Structure formats: C-alpha cells, structure tokens
Amino acid sequence: MRRILGVLMVVLATILLAWTILVGPWPVENVSPTSEPAYRSTLSRLAGRAAALPEPVAAPLSAGWSRVPITPAVPTNTAGYGKVTARRVNDSVYVRALALRVDTSEAILIGADILIVSRQMSDRVRSALAYSLGIAGGHVYFTATHTHSGPGNWSPDFLGKQFAGRYDPARLDTIVAAMSRAAHEAHAALAPAEMAYGSFSAPSYVRNRLLGTATHVDSTFVWAAFRHRDGGMAVWGRFSAHATTIGDRAAMISGDYPGVWERELEARTAEVALFSAGAVGSMSPRGSRHDYERAQAVGMPLADSVRAHVARAPWSSTVRLLAYRLPMDLPPNQMRLQRILASGKWRISPLLAGRLVPIRSTALSVLALNRLVLAGMPCDLSGELSREIAASAEARGFLLATTSFGGDYIGYVLPDRHDRIDNYETRTMSWWGPHMGSFLADVARRSIAVAMDRIAAAETTPAEPTSSPAAER
Ligand SMILES: [Zn+2]
C-alpha cells in the first residue's frame with residue numbers, strides 16, 4: 001500500500017513539474033527597463049543609426065499619391081473582432097500611398113483600410129520597393145486605419161488567426177500587391193508640390209475605455225496636406241479612437257469611421273485621403289451604438305474639421321525630409337492572462353509564451369517633414385503614453401504624430417502604472433512585462449529626439465539658395 005502511494009506521489013510530482021515547465025505559472029520578473037540587455041542593444045543601434053543619417057537639406061518638395069482597392073469578395077472573414085464572417089460589403093476598402101521626395105531622398109507612406117500591417121506584409125513590400133524603386137526599407141512608413149470590419153484571412157500566425165480567421169495565402173498576396181502597386185503609382189505621379197500641416201483637438205470623439213473616463217485621452221487630430229500646382233491634393237490624417245463604431249453584429253466589410261473620413265474628403269476635397277490610426281490603445285470612439293450611422297457621426301465632422309483647417313493653412317514648397325527605421329530588441333516575453341493570472345504576478349511558461357508569440361525583436365519608424373514628426377509604433381500604443389511622448393516634442397516646437405501598426409505587431413503597450421488592472425489590454429494583450437510602457441516610451445522619445453536634433457541643427461546652418469523662411473513653422 002505504502003509503495004503504491006509512493007509511486008503515485010512521484011507520478012503526481014512529475015506531472016506537476018512538467019505542467020509548470022510547459023504551461024506555468026511562472027513568477028513575473030520585475031526588471032527595470034534600463035537594465036534589460038534589449039534596452040542597451042537597442043540604444044547602441046540607435047546611436048549608430050543617428051551617426052549615419054544624412055543632413056536633412058531644405059529643398060523643393062515633390063509629391064505623388066495613389067489609391068488601390070482591396071475590397072474582398074463576400075462571404076469572407078473580417079479581421080478585428082475574432083472570427084466574424086462578413087456577408088456583405090457596406091463600403092469599399094483601399095490601400096493608399098503617398099510618395100514624398102526632397103532632393104534625392106524619397107519616402108513612401110502607405111496606409112491600408114485593415115486591422116494592422118503585419119510583418120509578413122511589410123517585409124514583402126519593403127523588399128519589393130527596394131528592388132523595383134531603390135527605396136531603402138527605412139524610407140517606407142506603414143500605417144493602418146485599424147478598421148475592425150476590414151478584410152481578414154491574411155495571417156499565417158497562431159495569434160493572427162484568432163483575429164483574422166483562417167489563413168489564405170492569396171489574401172496576403174492581394175494586400176501586398178496592392179501596397180506595392182499603390183507605392184509604384186504614387187512614385188510615378190511625383191510632381192512639384194506644396195505642403196501644409198497642423199493639428200486640432202477633437203475630444204468629443206474619443207474616450208478612455210480602460211479607465212472608463214472622458215479624460216486621459218489622446219484627442220489630437222494631426223493632419224498634413226500636399227498640393228500639386230494644378231490644384232490636385234492629397235490629405236493625411238491621424239486620430240486615436242479605435243475604429244470599432246460598427247461592432248461585430250453587422251458582419252459586413254467597411255472602413256468604419258476612418259473610411260467615412262477618407263471617402264468624404266475624397267468626394268469633395270482631395271484625390272486621396274489617407275487615414276492612419278494614432279495611439280489607439282485604451283482609446284474608444286465616444287457613443288454606445290454599433291452601426292454605420294455612428295461611423296458617419298465620427299468620420300464626417302472630423303473630415304469637415306480637416307477641410308476647414310486645410311483651407312486656411314499656410315503652404316510651403318521647401319521641405320526637410322528625414323526617414324529612418326530603428327530595429328528594437330524586446331525584453332523577455334512575460335505573457336499573462338486576463339482573469340486566470342489576474343494579479344499580474346504570474347505568467348504562463350516562457351516555452352508556451354514563445355510558441356504563442358514567437359517574436360524577439362521589432363522596429364520603430366520615424367518620418368520627419370520639417371517640424372512634423374511621424375513616429376510609427378509596432379503595436380496598439382496607449383493614447384495616454386502617446387500624450388507623454390508628444391509633450392517632449394511639443395516642448396521643442398515640434399508636432400508629433402504617433403501612429404500604430406507600423407509594419408509589425410507586438411500587442412498593446414500601456415503605461416506601467418496600469419499594470420495592476422486586470423483587463424484584456426493589460427493582461428492577455430500586454431506581453432513584455434510590467435515595464436514595457438516605460439521601455440517603449442523611452443526608446444521612442446530617443447528615436448524622435450534624433451530627428452528633432454537633426455532638423456533643428458539643419459535649420460541653424462546657413463540657408464541653401466532654395467530654402468525660404470516659410471518652410472519652417
Ligand atoms: Zn486595437
């Protein structure tokens with residue numbers, strides 16, 4: 001009897017040990033972000049990048065733009081709410097591209113009416129454009145509107161399939177081809193252009209869904225407009241409310257409120273209107289209905305506001321352009337689960353976490369046009385964090401526009417202070433431990449500072465014959 005009991009105990013202990021090793025729970029490591037090896041390697045890489053950047057000379061701007069449809073045939077999976085099957089198309093969805101050239105330096109801004117720009121998409125488009133147009137990878141800046149009613153079926157990854165449905169290689173091919181084609185067409189349409197940019201606050205359309213408040217939001221709408229001599233125009237805009245006005249019940253393909261904004265401007269103001277999701281982490285659109293009327297109630301007034309701002313903006317034809325991409329190493333994966341590992345002190349085993357999220361590194365993108373700086377983040381960046389990052393740029397007289405989904409996806413990144421909250425954003429979707437907010441914010445601030453230093457230093461050097469005081473703001 002005693003022997004059987006002993007054997008049972010050994011078997012039980014072995015099972016328990018195997019379970020802990022393979023599944024968890026493991027204690028969360030509370031490591032200061034600056035002592036992470038990933039932090040040091042990323043900063044030394046940034047120093048190298050900064051040293052290699054060319055001087056951003058002020059020179060005449062050329063711009064070109066294009067729009068390519070990616071509306072799928074229905075029925076199809078959408079990407080955003082989980083496995084939803086769209087049975088009809090409510091409004092068409094597109095990929096848009098904006099080519100910008102100053103002197104010999106050319107950058108391409110790509111925006112898509114989809115949930116995110118995945119690593120599979122951005123890698124393939126970057127290599128295609130490097131090969132065919134000779135545009136360096138760091139000069140291609142990706143954004144998505146984050147519509148939760150856009151086409152799905154593009155992800156071969158386990159996690160991507162949970163959001164975008166089963167993987168169909170043809171769907172990924174279609175999106176990649178549309179991005180490349182839009183970039184090529186925008187490049188081919190490059191012509192002398194003027195640029196205007198600015199921002200306004202739109203607090204009526206955004207709330208903090210994590211804290212349940214109308215405060216602690218990123219309510220800044222940042223816009224830029226590009227105009228050819230014949231009057232043809234492209235408009236770009238960035239706002240931080242999640243594109244979730246329609247909800248999953250409607251089961252239809254739609255660009256959500258960003259699609260309304262784009263279509264409204266393209267109908268009356270611009271040939272192309274490209275919307276980029278801002279820092280949408282914890283940020284929801286205001287209101288509680290879930291239908292297309294709500295998308296219109298957000299998208300239309302935001303389009304009207306941008307139209308009014310563009311109409312009275314000062315234009316400049318001389319621009320300094322700086323673009324680069326900073327590969328960033330990540331701290332160890334410390335995945336936790338909402339409700340199950342709710343305290344935040346325990347995580348699932350690194351073996352399991354590594355299988356679910358097989359990511360070790362990512363990248364940030366920066367695109368500066370005079371004193372407008374776009375910073376592309378590989379995540380759902382918190383709107384609270386973006387306000388803190390933007391403040392450091394504003395203090396130096398720069399306008400910062402953080403955008404999410406810049407060609408990769410590493411989950412949600414929220415301020416460290418929210419780590420005690422048991423929520424979908426702070427647990428299931430925050431994968432890099434309790435200090436990822438300060439880790440990313442620090443790297444982002446330093447990356448943006450490189451662009452601001454370069455632009456500011458170039459402004460103080462004697463003006464080239466082509467520059468004019470109107471180019472600066
Ligand atoms: Zn999101």
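**Figure 1. Cover over the buried residues of helix 2.** The cover over the buried residues of helix 2 includes strand 18 and helix 10 (436-460). Contact means that two C-beta atoms, placed from the backbone, lie within 7 Å. Helices (H or I, at least four residues) and strands (E, at least two) are DSSP runs, numbered from the N terminus. The model is predicted: local features need pLDDT of at least 70, side-chain atom pairs count only at pLDDT 80 or more, and totals for chains, interfaces and linings use all residues. Residue numbers start from 1 along each chain as its sequence is written.

Figure 2. Helix 2 (residues 37-52) has 16 residues. From first C-alpha to last it reaches 23 Å, close to the expected 22 Å at 1.5 Å a residue; the expected span is 1.5 Å times one less than the number of residues. Tyr39, Thr42 and Leu46 are its buried residues. They sit on the same side of helix 2, because their arc around the axis is only 70 degrees. That arc is taken over the directions from the helix axis to the C-beta atoms. An α-helix has 3.6 residues a turn, so residues three or four places apart point the same way. On the other side of helix 2, exposed residues include Pro37, Arg40, Ser44 and Ala47. Buried means 20 or more other C-beta atoms within 10 Å of a residue's own, exposed 12 or fewer, partly exposed in between; C-beta atoms are placed from the backbone.

Figure 3. Strands pair if DSSP finds at least two bridges between them.

Figure 4. Strand 20 (residues 361-369) and strand 21 (residues 372-376) run antiparallel, joined by five bridges. Val366 stands opposite Ala375 in strand 21.

Figure 5. The chain holds 10 helices and 24 strands. Its C-alpha trace spans about 95 × 50 × 45 Å along the principal axes. Of its 473 residues, 52% count as buried.
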